[in-house]
Amino acid sequence: MGSEPIRLEPVTAANWRDCAALTVHEEQKRFVADVTYYLCMCNYGDTWHPLAAVRGTEVVGFVIWAVDDDGSRWIGGLVVDAKHQRQGIGRAIVGQLRDRLIAEPGTPNVALSYQPENTSARSLYLSMGFTETGEIEDDEVVARWNPS
């Protein structure tokens with residue numbers, strides 16, 4: 001099952017509970033909110049959109065995306081379930097979503113942000129071609145990916 005590809009699918013009435021049940025390791029909880037919080041942001045706000053990351057028939061991760069005023073697309077709320085980490089799922093989610101978002105007409109770049117202490121996230125994003133811009137969003141470092 002671990003060799004099956006990751007698919008990004010809409011969060012629906014059929015899978016939102018599986019998304020909400022995702023958990024991260026204890027030491028990661030200071031870097032991400034519970035998926036239920038992200039689902040509420042998507043449902044009660046008008047900015048963020050949720051996606052479930054599915055491998056086979058199992059929800060193994062979650063991510064949200066948005067469009068900024070300048071047309072840039074944002075990736076946020078990335079959660080990979082603790083029992084599925086270190087299998088390339090986070091990289092697959094970010095790569096697929098980045099490619100999907102940059103393909104939208106008028107998109108200058110894809111941005112994301114992370115806590116400065118979250119060295120795992122920083123390493124992943126920088127290895128995927130995101131570049132820190134010097135911008136700070138709330139208390140997080142902003143990195144952007146620009147198509148070459």
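Ring pairs join Tyr-37, Tyr-38 and Phe-62 into a cluster. The structure is a predicted model, in which local features require pLDDT of at least 70 and side-chain atom pairs count only at pLDDT 80 or more, whereas totals for chains, interfaces and linings use all residues. Residues are numbered from 1 along each chain as its sequence is written, and side-chain values use heavy atoms, with hydrogens and water left out.

Four aromatic pairs are present in the structure; rings of Phe, Tyr and Trp (its six-membered ring) pair if their centres lie within 6.5 Å, with planes under 30 degrees apart counted as stacked, over 60 as edge-to-face and the rest as tilted. Among them, Tyr-37 and Tyr-38 are arranged edge-to-face, at 6.0 Å centre to centre and 70° between the planes. Tyr-38 and Phe-62 are stacked, with 6.3 Å centre to centre and 20° between the planes. Because Tyr-38 belongs to helix 2 (residues 35–44) and Phe-62 to strand 3 (residues 58–67), this pair ties together parts that are 24 residues apart in sequence. Helices (H or I, at least four residues) and strands (E, at least two) are DSSP runs, numbered from the N terminus. Tyr-38 is buried at a relative accessible area of 9%, and Phe-62 is buried at 0% (buried: under 20% relative accessible area; exposed: over 50%; partly exposed: in between; 1.4 Å probe, protein chains only).

Leu-101 lies in helix 3 (residues 89–102) and is buried, its relative accessible area being 4%. Beyond its neighbours within four places in sequence, Leu-101 is in contact (heavy atoms within 4.5 Å) with Trp-65, Arg-73, Trp-74, Ile-75, Thr-107 and Val-110.
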